[in-house]
Amino acid sequence: MPYPPVRGMLTPNRSLADLTWLRVGGPADALFQPADLDDLRDFLAALDPEVAVFPMGVGSNLIVRDGGLRAVVVRLGRGFNRIETGINTVEAGAAALDAHVARVAATAGLDLTFLRTIPGTIGGAVRMNAGCYGRYTADHLLEIQAVTREGDAVVIPAADLNFGYRFSDLPDGHIITSATFRANPGDPAKLEARMAEQLAHRDETQPTKDRTAGSTFRNPAGYSSTGRDDDVHDLKAWKLIDDAGLRGAVRGGAVMSPKHPNFLVNRDNATAADLEGLGEDVRKRVFVESGLTLEWEIMRVGEPVAP
């Protein structure tokens, strides 16, 4: 089908595998990388309303199935990654990396250090209410700027997003373009030291050198790990997986990380079907062993390969 003219890049039948951290997935009907906000608005306003649109960040929390995605994937880039600091506020474009926002804020003496070890972009962090060490995006967000499926620019206060654990009530079809956060002041050197400690702990406990998509399943406890010595692990996803004997479990080229069993790893040219299938195997076994149903944290989209 013909698409509206754009000033950015529009690529039909674009494979998404190289755009996800797990390096799997078939093609999207088209990939749109808008030049700027006006380019995004004009494209959405002119696009056939029957055409599905899927916003995608850097693919850090995503499995695209092997048959691909019947949609126009919108991937924001350089026109949406600015970061501006104010008095106790930080405004960041949706394409800005969480880690980079944390570093820029710290340099300005503002504490968004919890973002430092969260993979992905600000848009994804808002969408999933990302968090760690007992702090969440919802704790700091003031408002977001977004574009509707019809191409209208809107501002949505944080309170209207009804945040929950790994959840936001973002209206269907909306694409986040930027977010404004409240940040407490702090000494830049101390903030840098805290982030260094967080990174060291992450590298010690998580398979950061492997192809993963972050945590695979949400914690049944309903909150993230705090990182404190008195943290309770009984209802953490990794503990349930470990107790079920699934640390290192394998399906095709996919494995549950021996280092951290709540991380799916593309170890040996896994397909999306290998990864999702292993995840489902884990969910079934954990339910049998514990009576608890693990819920996916990784988003799975698209169609499987036809048999």
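The protein chain has 307 residues and a radius of gyration of 19 Å, which agrees with the value near 19 Å for a compact globule of that length. The model is predicted. Along the principal axes, the C-alpha trace spans about 55 × 55 × 30 Å. The secondary structure of the protein chain consists of 6 helices and 18 strands.

**Surface, burial and charge**

Of the 307 residues, 49% count as buried. The accessible surface comes to about 14100 Å², and carbon and sulfur atoms account for 50% of that surface. Charged side chains number 33 positive and 41 negative, and the centres of the two sets lie 4 Å apart. Among contacts between residues at least 6 apart in sequence, 64% join residues at least 24 apart.

**Nonpolar cores**

In soluble globular proteins, nonpolar side chains tend to be buried together. The largest nonpolar core in this chain has 46 residues. Leu-40, Val-101, Leu-112, Ile-122, Val-126 and Ile-144 have the most contacts inside that core. A second, separate core has 23 residues, including Leu-240, Ala-244, Ala-270 and Ala-272.

Leaving aside neighbours within four places in sequence, Ile-122 is in contact with Ala-92, Gly-93, Ala-94, Ala-96, Asp-98, Val-101, Leu-115, Ala-179 and Phe-181. One of these partners, Val-101, is also listed with Ile-122 among the residues with the most contacts inside the largest core.

Pro-5 is found in the segment before β1 (9-15). Glu-297 is found in the loop between α6 (272-290) and β18 (299-301). Their accessibilities are set out below.

| Residue | Relative accessibility | Class |
|---|---|---|
| Pro-5 | 78% | exposed |
| Glu-297 | 12% | buried |

Pro-5 counts as exposed because its relative accessibility of 78% is over the 50% cut-off. Glu-297 is buried because its relative accessible area of 12% is under 20%. The C-alpha atom of Pro-5 is separated by 24 Å from that of Asp-172, a residue 167 places apart from Pro-5 along the chain.

Which residues does Glu-297 touch, not counting those up to four places away in sequence? They are Asn-61, Met-128, Tyr-165, Arg-166, Ser-215, Thr-216, Phe-217 and Arg-218. Two of them, Arg-166 and Arg-218, are of a residue type that counts as positive.

Terms used. Residues are numbered from 1 along each chain as its sequence is written. This is a predicted model: local features need pLDDT of at least 70, side-chain atom pairs count only at pLDDT 80 or more; totals for chains, interfaces and linings use all residues. Side-chain values use heavy atoms; hydrogens and water are left out. Helices (H or I, at least four residues) and strands (E, at least two) are DSSP runs, numbered from the N terminus. The radius of gyration is taken over C-alpha atoms; the globule rule is 2.2 Å times the number of residues to the power 0.38. Buried means under 20% relative accessible area, exposed over 50%, partly exposed in between (1.4 Å probe, protein chains only). Contact means heavy atoms within 4.5 Å. Accessible areas come from the Shrake-Rupley method with a 1.4 Å probe; for residues, only the protein chains shown count as cover. The place of a charge is taken as NZ of Lys, CZ of Arg, CG of Asp or CD of Glu. A nonpolar core is a set of buried Ala, Val, Leu, Ile, Met, Phe, Trp, Tyr and Cys residues joined through side-chain atoms within 4.5 Å.
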